[in-house]
Amino acid sequence: KQWYQRRVRVAPYRERHPDIRAEFHAGSYYEIPDAVKALAPFTHVVMQTSIFYAHHRIDDVLREVSGVLEPGSGVLVTTDFLRKAPLEDVAEFIRLNSMGTVLSKEEMESALKRNGLVYCGGEDLDAHC
């Protein structure tokens with residue numbers, strides 16, 4: 001039902017902007033649906049949710065995204081939470097939230113690089129919390 005509601009809201013937008021190619025698909029971080037892969041390559045991939053709970057499989061996620069972006073110019077836009085404190089200082093938080101790990105900014109940048117992506121910037125939103 002939720003997917004259907006999103007598709008219905010997109011219809012009026014597509015009528016007003018027929019030149020913009022936009023589709024919405026439900027899928028997994030770890031395995032992008034074949035219907036989406038068939039439409040690749042994309043100039044942009046936008047994740048509407050954080051990949052915070054997938055840090056323990058970050059290479060799987062980024063490999064999938066990298067595989068559908070235009071080589072050398074594709075853009076991934078996402079919101080994520082990254083660790084500032086040493087891992088041992090947040091170990092209890094990770095355990096209580098059933099998470100594999102929480103990456104630091106440096107670890108995320110390394111993961112991006114391993115998967116053919118480049119970190120282009122972000123914003124520390126701690127002051128807004």
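Mentor: We begin with pLDDT, which is the predictor's confidence in each residue, on a scale from 0 to 100. This is a predicted model, in which local features need a pLDDT of at least 70 and side-chain atom pairs count only at pLDDT 80 or more, while totals for chains, interfaces and linings use all residues. Residues are numbered from 1 along each chain as its sequence is written, and side-chain values use heavy atoms, with hydrogens and water left out.

Trainee: What does the chain average in pLDDT, and where is confidence lowest and highest?

Mentor: The average for the chain is a pLDDT of 84, and 90% of the residues score at least 70. Confidence is lowest in helix 1 (residues 2-16), with a mean of 60, and highest in helix 3, at 95. Over residues 1-7 the pLDDT stays under 50, and for this stretch the model has four contacts beyond four places in sequence, a contact being heavy atoms within 4.5 Å.

Trainee: How many helices and strands are there in the chain?

Mentor: Helices (H or I, at least four residues) and strands (E, at least two) are DSSP runs, numbered from the N terminus. The chain has five helices and two strands, and along the sequence they follow the pattern α-α-β-α-β-α-α.

Trainee: Which residues of helix 3 are buried?

Mentor: Buried means under 20% relative accessible area, exposed means over 50%, and partly exposed lies in between (1.4 Å probe, protein chains only). An α-helix has 3.6 residues a turn, so residues three or four places apart point the same way. In helix 3 (residues 58-68), the buried residues are Ile 58, Val 61, Leu 62, Glu 64, Val 65 and Val 68. Seen down the axis of helix 3, these buried residues fall within an arc of 155°, so they line one face of the helix; the arc is that of the directions from the helix axis to the C-beta atoms. Their cover includes helix 2 (34-37), strand 1 (44-46), strand 2 (75-77) and helix 5 (105-114).

Trainee: Which residues have the most contacts inside the largest nonpolar core?

Mentor: In soluble globular proteins, nonpolar side chains tend to be buried together. A nonpolar core is a set of buried Ala, Val, Leu, Ile, Met, Phe, Trp, Tyr and Cys residues joined through side-chain atoms within 4.5 Å. The largest one here has 18 residues, and those with the most contacts inside it are Val 45, Ile 51, Ile 58, Leu 62 and Met 108. Helix 3 gives the most to this core, with five residues. Apart from this core lies another, of five residues, among them Phe 52, Val 90, Ile 94 and Val 102.

Trainee: Is Glu 107 buried or partly exposed, and with which side chain does the side chain of Glu 107 make a polar contact?

Mentor: Glu 107 lies in helix 5 and is partly exposed, with a relative accessible area of 34%. A polar contact is a pair of N or O atoms within 3.5 Å; within protein, one must be able to donate a hydrogen and the other to accept it, and residues adjacent in sequence count only if both atoms are side-chain atoms. The side chain of Glu 107 makes such a contact with the side chain of Arg 83 (2.6 Å).

Trainee: Where does Ser 104 lie, and which residues does Ser 104 touch?

Mentor: Ser 104 lies in the loop between helix 4 (91-96) and helix 5, and at 8% relative accessibility Ser 104 counts as buried. Not counting residues up to four places away in sequence, Ser 104 touches Leu 82 and Arg 83.
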